[in-house]
Amino acid sequence: MYAAQGKAFRVWDGERKVKVGVVARSLHELKSKGRQHLNLPEEEDLSIVLEEDGTVVADNEFFQFIPDQTVVQLLTEGQEWRPEAPDDVTQTDGTDEADTAGPIVDLSTDNEVRQLCRKLRQDIAAIVSFTPFQLELLSDADVEELTSQLELDKGSVEQLQEACQQRVLDRRRTQEAVELLQLLREAPEAGGNGQDATDAPMTVVASEGTTSNNSTQLVEQVRAETRRRQHQHKRQKTAREAAAQNL
């Protein structure tokens with residue numbers, strides 16, 4: 001399964017020393033390009049995880065739900081995801097601009113907001129790599145303080161805060177859709193042959209791109225399909241038990 005158009009990713013190596021920009025249409029292509037740009041050996045087994053929480057991108061079905069501009073890590077065999085430490089260093093190979101995306105540790109909230117504002121003054125596009133934690137800090141910050149720190153007018157700051165809130169909401173909805181999809185795959189499929197959801201045809205189709213509307217629609221589709229399968233499975237189980245009693 002491929003995305004109709006490639007999605008942009010920011011790919012860290014396993015030690016968060018180098019980050020590159022990659023456009024990929026599938027999980028295989030993401031691994032292949034990440035391996036090439038990070039100069040990893042061909043014989044290395046690789047895995048992709050979400051940088052913010054370590055969730056493993058196990059298959060292309062999950063890949064379709066990942067938003068554009070997501071930050072991921074490319075781990076080699078033996079490497080494990082860990083939260084970003086305050087002394088992690090960012091470098092670049094020229095494919096992507098250097099910036100840090102993890103929560104700032106052991107600093108007051110005001111200092112964290114000031115550091116985020118400093119990044120945005122250097123490159124406003126850095127906001128796409130901010131974690132939900134950082135986006136919430138900006139959306140909850142005092143408007144007057146942000147106006148001063150970012151050297152923008154009040155209207156622009158309010159638009160920025162609205163964009164932060166929307167991005168956090170989109171990520172939450174996408175994560176909910178992914179979790180529900182996983183539940184759907186684990187739910188038993190209707191049918192007399194004992195087929196389960198991992199073997200059954202998937203009736204939920206991922207839309208191209210990720211927006212609030214299509215994320216909500218995916219959530220509702222997955223919920224409805226999960227309820228249908230669980231209800232059908234319950235009826236089949238009851239029928240099998242009744243048949244067994246009549247033997």
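Look at the start of helix α5. There, a side-chain oxygen of Asp-142 comes to within 3.1 Å of the backbone nitrogen of Glu-144. Keep in mind that this is a predicted model.

Helix α5 itself covers residues 143–150. Which of its residues are buried? Val-143, Leu-146, Thr-147, Gln-149 and Leu-150 are. An α-helix has 3.6 residues a turn, so residues three or four places apart point the same way.

Now step off the end of the helix. Just after α5 comes Glu-151, with a positive phi. The value is near 60 degrees, and Glu-151 is not a glycine. Most residues other than glycine have a negative phi. Glu-151 belongs to the loop between α5 and α6. Is Glu-151 buried or exposed? Exposed, because its relative accessibility is 65%.

There is another case like that. Gln-69 also has a positive phi, near 70 degrees. Gln-69 sits in the loop between α2 and β4. Its relative accessible area is 24%, so Gln-69 counts as partly exposed.

Let's zoom out to the whole chain. It has seven helices and five strands. From the N terminus, the order is β-β-α-β-α-β-β-α-α-α-α-α. The chain has 247 residues, and 41% of them count as buried. Take the contacts between residues at least 6 apart in sequence: 61% of those join residues at least 24 apart. The accessible surface is about 13600 Å², with 47% of that belonging to carbon and sulfur atoms.

Next, the inside. The largest nonpolar core has 21 residues. Which of them touch the most other members? Phe-9, Val-11, Leu-30, Ile-48 and Val-57. The elements giving two or more residues to this core are β1, β2, α1, β3, α2, β4 and α6. A second, separate core has 18 residues, among them Ala-141, Leu-150, Leu-160 and Val-168.

Leaving out residues up to four places away in sequence, Leu-30 touches Phe-9, Val-11, Val-22, Ala-24, Ile-48 and Phe-63.

Two of those names belong together. How many aromatic pairs does a search of the whole structure find? One. The partners are Phe-9 and Phe-63, and the pair is tilted. Their centres are 5.5 Å apart, with 35 degrees between the planes. The pair links distant parts of the chain. Phe-9 is in strand β1, Phe-63 is in helix α2, and 54 residues separate them. Phe-9 is buried because its relative accessibility is 1%. Phe-63 is at 0%, so Phe-63 counts as buried too.

Phe-63 has a charged neighbour as well. Lys-7 lies over the face of the Phe-63 ring, 4.7 Å from the ring centre.

One last residue, and then I'm done. His-28 is in helix α1. His-28 and Phe-63 are 35 residues apart in sequence, yet 10.0 Å apart in space, C-alpha to C-alpha. Is His-28 buried or exposed? Exposed, because its relative accessible area is 61%. Phe-63, remember, counts as buried.

That's the tour. Questions, please.

Conventions. Residues numbered from 1 in each chain as written. Predicted model: local features only at pLDDT ≥ 70, side-chain atom pairs only at ≥ 80, totals over all residues. Heavy atoms only, no water. Helix = DSSP H or I, 4+ residues; strand = E, 2+ residues; numbered from the N terminus. Buried < 20%, exposed > 50% of the residue type's maximum accessible area, 1.4 Å probe, protein only. Contact = heavy atoms within 4.5 Å. Areas by Shrake-Rupley, 256 points an atom, 1.4 Å probe, with all protein chains shown as cover. Phe/Tyr/Trp six-rings, centres within 6.5 Å; stacked < 30°, edge-to-face > 60°. Lys NZ or Arg CZ within 6 Å of the ring centre and 35° of its normal. Polar contact = N/O pair within 3.5 Å; in protein donor to acceptor, adjacent residues only side chain to side chain. Core = buried A, V, L, I, M, F, W, Y, C linked by side-chain atoms within 4.5 Å.
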